[in-house]
Amino acid sequence: MLVSQKFPSRPASLFASASFAFAIFMLLTGCGSREKLEGAVSLDGSSTVFPISEAIAEEYLAVRPNIRITVGVSGTGGGFKKFMAGETDINDASRPIKSSEVAQSIASGYEFIELPVAFDGLSIVVNTDNTWVDSLSVEELHKIWQPGSSVKQWSDVRVEWPQQDIKLYGPGTDSGTFDYFTETINGKSGASRPDYTASEDDNALVRGISGDVNAMGYFGFAYYAANKDNLKLVPVDGGSGAVAPSPETINNGSYSPLSRPIFIYVRKDALEKIAVMDFVKFYLANAGALSSEVGYIPLPEKVYARALQRVEQRTAGTAYGEDNEARADDLLSDD
Amino acid sequence: MPNSENTNLKKTGLYKDNIQTRRRIAALFQYFCALVTWTGVFLLALLLYQVSVDGIQWLDMQFLSSFPSRFPYKAGIKSALVGTFWLITLIAIISIPVGVATALYLHEFSRKGRIHKLIQLNISNLAGVPSIVYGIIGLTIFVRGLALERSLISGALTMSLLILPVIIIASREAIQAVPMSTRHAAFALGATRWQTAWAHVLPTAFPGILTGVILALSRAIGETAPLIMIGALTYVAFLPEGPMDSFTALPIQIFNWVSRPQEEFHELAAGAIIVLLAVLLIMNATAIYIRHKTEQKLK
């Protein structure tokens, strides 16, 4: 497995012509290359977790160049479908597994091991020309975003704020970010007022909010960090004073409740493959350093240590029950 | 008398002597058409300009010969570009024979009954089905049903389904345009249907068929939705060695980079778009050249 063997790199033009003949040969002989799947690790799932998995895969290939790692992006839910069908070894998830997905895993017989890999701080942002908003409480967020909300103008949130229409931006309903935000702020995953500008493309949200003085929206911290100059961050008061998300406040849990852990789920039987086992260990050892490089916030060391323990003892199942609520606090507490 | 006829016509209301207004309408229509055309050209030029400004700085050998990376300056499109070449090659191998044979059968051999009409109608309908639907079919039949997994061959078969209607319709039009007299002459000399089709109809229709094929392949090369649906991968740091290997392709890499938060990745996406456009341009240019050659030979 450790035999160093570089993949042949041929010039693309030569390759294209050669591939014609080769393709016909392969079709005729009907021979696949499935036996090569030993020494292969396949990941799929959330686009939020993708940058971390990509970074880990890139570093891993530097030390194990002969293992084939592939990372797909099908969304957390779409990834779980493939995962439960046995098509992938690892699923990237920006939320904990849902009870319906757990039921699927029981039906298909594939057990999974749940491993948190980093924090993301859902960030509330407004336009840089917005002079009035200095913080928002969880109650105020709930008032704005709850289904059937009566908030139309900024003055409906606080009377001293201007009587201007509030323009809301947020991720679409397929997103794990949407699930987490609605769960935390409105108490039920998927419960949100529908009359806001929704986009699956977070960059579209960034552009919308930075171009409209009355706009407000939410997305992952990485998108704020990459657009710091065009957006104003809103500190959130979860009951013990307003705190703005930052690598420190997300890491130590003081930015609450909008800090969320993001996960990878490993199929228990896939760990029998040496490549998968090796890769997962590498993932947990390097997730801290690499997640901050791509805009996320590392977990405390003890959480990675605990995750490694789960891998070594093959502890299957999820730590999140029916309510499906993953708080940063859960991971930080000593259980 | 012409004059009295004129007044009579006017009385009936069928003739109005408003040549000025009609000329004005004609001029207006001409301006309108020109405006629409130039708006399109302008928007396209703007798009190309924007993409070039963003992406040209990243275009170098390193960009073409590196695998994707989290560092923009190290990232490249090697696996995506090679994946796209593989995909196009396989799609061509699968879809051209099937598409042309279908068109040939429908026009030259089959009896023109009710079933024939029904098939024609359905092929036209299929050409308008959204590409994501083909992705779902591909996922169900090829990836899961035939257990081909998320391989190049699954992607190529799915894409072939997507472009087959286009190839069939274009080939049929080209075959239809071959003069009946050509066939009659061949039959009169005792040629069989097969000999007529193979030696006379197909060569004459070839330039038209080629145009259709290239248009269809160009569509396939830029499609993203079906590939995402069947689960083509985003991060692949090896080159496929056979049709059963997993792969990524240029549109997927572009899609991924565009959705990243960092500006540099958006510029990388622009760079990849330039490469994709270049590949398309080369394909089209080759087709035009071949068509030109064969048309000359036919004359």
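**View 1. The contact between chain A and chain B.** In this predicted model, the contact takes 39 residues from chain A and 29 residues from chain B, where two residues are in contact if their C-beta atoms, placed from the backbone, lie within 7 Å. On the side of chain A that touches chain B, at least two residues each are supplied by helix 1 (12–29), helix 2 (50–63), strand 2 (68–71), helix 7 (202–210) and helix 8 (221–225) of chain A. Helix 1 of chain A gives the largest share, 9 residues. Helices (H or I, at least four residues) and strands (E, at least two) are DSSP runs, numbered from the N terminus.

**View 2. Residue classes on the side of chain A that touches chain B.** This side has 21 nonpolar, 9 polar and 9 charged residues. Ala, Val, Leu, Ile, Met, Phe, Trp, Tyr, Cys and Pro count as nonpolar, Asp, Glu, Lys and Arg as charged, and the others, Gly among them, as polar.

**View 3. Strand pairing between the chains.** Strand 2 of chain A and strand 1 (residues 235–236) of chain B run antiparallel and are joined by 2 bridges; two strands pair if DSSP finds at least two bridges between them. T70(A) has V236(B) as its bridge partner in strand 1 of chain B.

**View 4. The domains of chain B.** Chain B is divided into domain 1 (2–58) and domain 2 (61–298), with bounds from an automatic or database domain assignment. Their C-alpha centres lie 36 Å apart. In chain B, 6 residues of domain 1 are in contact with 8 residues of domain 2. The side of domain 1 that touches domain 2 has 3 nonpolar, 2 polar and 1 charged residues.

**Notes.** Residues are numbered from 1 along each chain as its sequence is written, and chains are lettered from A and ligands numbered from 1 in the order in which they are written. Local features need pLDDT of at least 70, side-chain atom pairs count only at pLDDT 80 or more, and totals for chains, interfaces and linings use all residues.
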